[in-house]
Amino acid sequence: MAYSVLIVDDDSAIKESVEEYLKLMHYTVKSASSADEALDLLSGFKADVVLTDIMMQGMDGLELTRKIKNTDGVDVIVMTGYSADYSYEEAIQAGASDFIFKPFRFEELDLRIRRVLREAEYKKERNALLKELEKLAITDALTQLYNSRQFFSQIKTEIKRYKRYSRPLSLLILDIDFFKSYNDTWGHLEGDKVLMKIGHTINSCMRSMDTAYRYGGEEFAIILPETRLKKACVVGARIKDNISSQTFEPEPGRKVKVTVSIGATELAEGEDFSSFIRRADKALYKSKETGRNKLTYFEPSS
């Protein structure tokens, strides 16, 4: 992989000699004579490392470093002559990744650049791992929807937002009809296929502002911010109809339909999350009691 370096120095002799050496070391190199020119170049040139002198006309190297550190993924190495005017601590506080005194040996500069690049790659890998771990902590592995832990966290957040901005909030809770019987008949592996497919269907039927969760074994929940109950029922009906139109084949030649029952409600003024969920659950069980494969809604006052 070819890394990119931007050299910033108003001493043309140093700038040109460093540029020539780094090109020989197979870096992609650009150079600038001032901080302002460097910032212009960075708008179109993706540098991995910026190598900047401190003392320049106009904006100095430390101020340039501060501005660059607002750009994600760019490391800065500060160069300076032997001087008591600037210290390593000042450079690091400004956001530099390293500090090198002039005159320096080119081999030392190359080693410092390589060390900064290694550390940058390590940080990227670590951040990617942390993001993956965060995702795993809030995601149901089977359906790829959010898990119940995230559901309770998010619904509390949405209720706080409702209280602050007085925007409507609705909730759908879905349960797969006769899912225990399906598992007992065809086995848990086939049951898992149903769960995965339903998770995918729910995800494809939602709007961008909605979030879906695997709420329990065969139960799912959808939080619909800024949504009145009537609109939530439209979303729920679309999910129900999409699921009932699909065909599963738990064994060759055997076609099976799966349906869901749904409860829907809207948050009432001053209500907490537990009574909000309880009312959606009551609506769900009403759907179960009155025939299944249907959606029942309860008004906030129910």
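**Figure 1. Ten helices and twelve strands make up the secondary structure of the chain.** This is a predicted model, so treat the views below as computed pictures. Along its principal axes, the C-alpha trace spans about 85 × 50 × 30 Å. The radius of gyration is 30 Å, while a compact globule of 302 residues would come in near 19 Å. Of those 302 residues, 46% count as buried.

Figure 2. Zooming in on one of them, Lys-156 sits in helix α6, which runs over residues 148–165. Lys-156 has a relative accessible area of 40%, so it counts as partly exposed.

**Figure 3. Four leucines make a nonpolar surface patch of about 390 Å².** The members are Leu-129, Leu-130, Leu-133 and Leu-136. Leu-129 belongs to helix α5, covering residues 106–138. Is Leu-129 buried or exposed? With 51% relative accessibility, Leu-129 counts as exposed, because the cut-off for that label is over 50%.

**Figure 4. A cis peptide bond links Lys-102 to Pro-103.** Omega for this bond is near -5°. Pro-103 itself is in the loop between strand β5 (98–102) and helix α5.

**Figure 5. Gln-144 has a positive phi without being a glycine.** Its phi is about 65°. To find Gln-144, go to the loop that lies between α5 and α6.

**Figure 6. Phe-178 is a non-glycine residue with a positive phi.** Here the angle is near 55°. Where does Phe-178 sit? Phe-178 is in the loop between β6 (169–176) and α7 (179–186). Its relative accessibility is 55%, so Phe-178 counts as exposed.

**Figure 7. Lys-282 and Thr-265 have C-alpha atoms separated by 9.6 Å.** Along the chain, these two residues are 17 residues apart. Lys-282 is part of helix α10, made of residues 273–289. How exposed is the lysine? Lys-282 has a relative accessible area of 48%, which puts it in the partly exposed group, because a residue has to be over 50% to count as exposed.

Definitions and conventions: Residues numbered from 1 in each chain as written. Predicted model: local features only at pLDDT ≥ 70, side-chain atom pairs only at ≥ 80, totals over all residues. Heavy atoms only, no water. Helix = DSSP H or I, 4+ residues; strand = E, 2+ residues; numbered from the N terminus. Buried < 20%, exposed > 50% of the residue type's maximum accessible area, 1.4 Å probe, protein only. Rg over C-alpha atoms; globule rule 2.2 N^0.38 Å. Patch = residues over 30% accessible without salt bridge, like charges linked within 9 Å, V, L, I, M, F, W, Y side chains within 5 Å. Areas by Shrake-Rupley, 256 points an atom, 1.4 Å probe, with all protein chains shown as cover. Salt bridge = Lys/Arg side-chain N within 4 Å of Asp/Glu carboxyl O.
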